[in-house]
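Trainee: I would like to go through this model with you step by step, beginning with the terms we need and then moving to the strands and side chains. Could we look at the structure together?

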Amino acid sequence: TRRSSDLVHKGSTTLQATVRLYRGGSLIKETTGSYYTTSSVKTFEVRFSQGISLRAGVLYTATSQLTTNGHQTHAHSDGMPSISCAGITVTFGKSSKDSNGSSVSVGQIPALIFRPPTSHC
């Protein structure tokens, strides 16, 4: 998993978050919601309404758009180039959809939650 630094520097806020998942250049799933968070909680979970089946060897891109009420958000800074669980390896890379300086090691998606077909991670 990836860890994140503080999402909100001080206090608490409600954020509007939109998370999109693309396969190649095509949008395959999107979810939007309001999420309450504090500087001590650091992150919040955004889930799609239904699971998504991913295929090996296919490029997927996850994007997030956070809207706050004047609070500054912070990005994690210790991302990993890949992670393995139950024989499945997810490899992270630079995205052409990047518009804010994100990279493999710096960004605002601190973790991915996935369920391998045979076991839990």
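Mentor: Before we start, keep in mind that this is a predicted model. We also need one cut-off, since a residue is called buried when its relative accessible area is under 20%, exposed when over 50%, and partly exposed in between.

Trainee: With that cut-off, is tyrosine 35 buried or exposed?

Mentor: The relative accessible area of tyrosine 35 is 16%. The limit for the buried class is under 20%, so tyrosine 35 is classed as buried.

Trainee: Which class does phenylalanine 44 fall into?

Mentor: For phenylalanine 44 the relative accessible area comes to 21%. The middle class lies between the limits of 20% and 50%, and therefore phenylalanine 44 is partly exposed.

Trainee: How are the rings of tyrosine 35 and phenylalanine 44 arranged, and what is the pair called?

Mentor: The count of aromatic pairs comes to 1. In this pair, the ring centres of tyrosine 35 and phenylalanine 44 are 4.9 Å apart and the planes meet at 15 degrees. Planes under 30 degrees apart count as stacked, so the pair of tyrosine 35 and phenylalanine 44 is stacked.

Trainee: Turning to the strands, what is the order of the 3 strands in the open sheet?

Mentor: Strand S1, residues 12–23, pairs with strand S2, residues 26–38, in the antiparallel sense over 12 bridges. S1 is also joined to strand S3, residues 60–67, by 8 bridges, and these two run antiparallel as well. The 3 strands therefore form an open sheet with antiparallel pairing, and the order is S2-S1-S3.

Trainee: Which strands are the edge strands of that sheet?

Mentor: In the order S2-S1-S3, the edge strands are those that pair on one side only, namely S2 and S3. As for their orientation, neighbouring strands of this sheet are turned against each other, direction ignored, by an average of 20 degrees.

Trainee: Is threonine 18 buried or exposed, and what is its relative accessibility?

Mentor: Among the residues that threonine 18 touches, not counting those up to four places away in sequence, are Glu30, Thr31, Thr63 and Ser64. By the cut-off of under 20%, threonine 18 counts as buried, because its relative accessibility is 12%.

Trainee: What is the length of the polar contact that joins the side chains of threonine 18 and threonine 32?

Mentor: The side chains of threonine 18 and threonine 32 are joined by a polar contact of 3.1 Å.

Trainee: In the hairpin of S4 and S5, which residue takes a positive phi?

Mentor: Strand S4, residues 82–85, and strand S5, residues 88–91, pair in the antiparallel sense over 4 bridges, with serine 82 standing opposite threonine 91. There are 2 residues between the strands of this hairpin, and the residue with a positive phi near 50 degrees is alanine 86.

Conventions:
Residues are numbered from 1 along each chain as its sequence is written. This is a predicted model: local features need pLDDT of at least 70, side-chain atom pairs count only at pLDDT 80 or more; totals for chains, interfaces and linings use all residues. Side-chain values use heavy atoms; hydrogens and water are left out. Axes are lines fitted to C-alpha atoms, for helices over the stretch in contact, and angles run from 0 to 180 degrees between N-to-C directions. Rings of Phe, Tyr and Trp (its six-membered ring) pair if their centres lie within 6.5 Å; planes under 30 degrees apart count as stacked, over 60 as edge-to-face and the rest as tilted. Buried means under 20% relative accessible area, exposed over 50%, partly exposed in between (1.4 Å probe, protein chains only). A polar contact is a pair of N or O atoms within 3.5 Å; within protein, one must be able to donate a hydrogen and the other to accept it, and residues adjacent in sequence count only if both atoms are side-chain atoms. Contact means heavy atoms within 4.5 Å.
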